[in-house]
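Visitor: I have a model open and want to learn how to read it, feature by feature. Please take me through it.

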Amino acid sequence: MTQSVNELRAKVSTPSDREIRTERIFNAPRERVWKALTDPALVAQWWGRGNKLVIERMEVQRGGRWRFVEHAPDGAHGFEGRYREVTPPERVVQTFEWDGMPGHVLVETMTLEALADGRTRLVTVSLFHTTEERDGMLHTDMAEGMEQSYAALDKVLAQLG
């Protein structure tokens, strides 16, 4: 099944004054999407928007830690957090912090829904401490960076198929 360009764009909304919700459909079964989200060798191929990504730590289990460093043209950018909940193949709750704004920790809840046609709906809700922190994130290149990463993820999923 071929997806239209519209389906390949993540839908970004703000369901509350402290949340950003993104939704994206992938042309792959849920188990394949789960693997691409939780296998460090696969994550390294798509998460960094096509830039080199070093996965320093990725312990996909409750209480486990993760740390990624993206090597972009403008320098290295570190991201890290802890896994609060891991329920294969349907849900991950984790903290997320960018080295560029230490102390501004958000909580991401990712759910993967298996669709009847064999595709997967990925929904991520990011909860911020304040409205100002959420709005600050909305005014970055977050959406464009996410689109670049999701396009790379599409390629990884196709190769896994």
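Visitor: Where is D39 placed?

Guide: Helices (H or I, at least four residues) and strands (E, at least two) are DSSP runs, numbered from the N terminus. D39 sits in the loop between helix 1 and helix 2. This is a predicted model: local features need pLDDT of at least 70, side-chain atom pairs count only at pLDDT 80 or more, and totals for chains, interfaces and linings use all residues. Residues are numbered from 1 along each chain as its sequence is written, and side-chain values use heavy atoms, with hydrogens and water left out.

Visitor: Is D39 partly exposed or buried?

Guide: Buried means under 20% relative accessible area, exposed over 50%, partly exposed in between (1.4 Å probe, protein chains only). D39 has a relative accessible area of 25%, so D39 is partly exposed. Now compare sequence and space. D39 and V60 are 21 residues apart in sequence, and their C-alpha atoms are 8.7 Å apart.

Visitor: How do I read two packed helices?

Guide: Two packed helices are described by the angle between their axes and the distance between the axes. Axes are lines fitted to C-alpha atoms, for helices over the stretch in contact, and angles run from 0 to 180 degrees between N-to-C directions. Here, the axes of helix 1 (residues 30-38) and helix 4 (residues 142-160) come within 10 Å and cross at roughly 120 degrees.

Visitor: What do I call the arrangement of helix 1 and helix 4?

Guide: Angles under 35 degrees count as roughly parallel, over 145 as roughly antiparallel, 65 to 115 as roughly perpendicular and the rest as oblique. Helix 1 and helix 4 are therefore oblique to each other.

Visitor: Which residues make the contact between helix 1 and helix 4?

Guide: Contact means heavy atoms within 4.5 Å. Helix 1 contributes R32, V33, A36 and L37, while helix 4 contributes L153, V156, L157 and L160. Sorted by class, that contact of helix 1 with helix 4 has seven nonpolar, no polar and one charged residues. For the classes, Ala, Val, Leu, Ile, Met, Phe, Trp, Tyr, Cys and Pro count as nonpolar, Asp, Glu, Lys and Arg as charged, and the others, Gly among them, as polar.

Visitor: Next, a side chain. Is H77 buried or exposed?

Guide: H77 counts as buried, because its relative accessibility is 17%. H77 belongs to strand 5. Beyond neighbours within four places in sequence, H77 contacts F68, V69, E70, A72 and W98.

Visitor: What joins the side chains of H77 and D74?

Guide: A polar contact is a pair of N or O atoms within 3.5 Å; within protein, one must be able to donate a hydrogen and the other to accept it, and residues adjacent in sequence count only if both atoms are side-chain atoms. The side chains of H77 and D74 are joined by such a contact of 2.9 Å. R21 and E23 have one too, at 3.0 Å between side chains. R21 is in strand 2 (residues 19-26).

Visitor: What about the backbone? Which peptide bond is cis?

Guide: Check omega. The bond from P88 to P89 is cis, with omega near -10 degrees. P89 lies in the loop between strand 5 and strand 6. E90 is in that loop, between strand 5 (75-87) and strand 6 (91-98).

Visitor: And phi? What does R49 have?

Guide: R49 has a positive phi of about 60 degrees, although R49 is not a glycine. R49 lies in the loop between helix 2 (40-46) and strand 3 (52-58).
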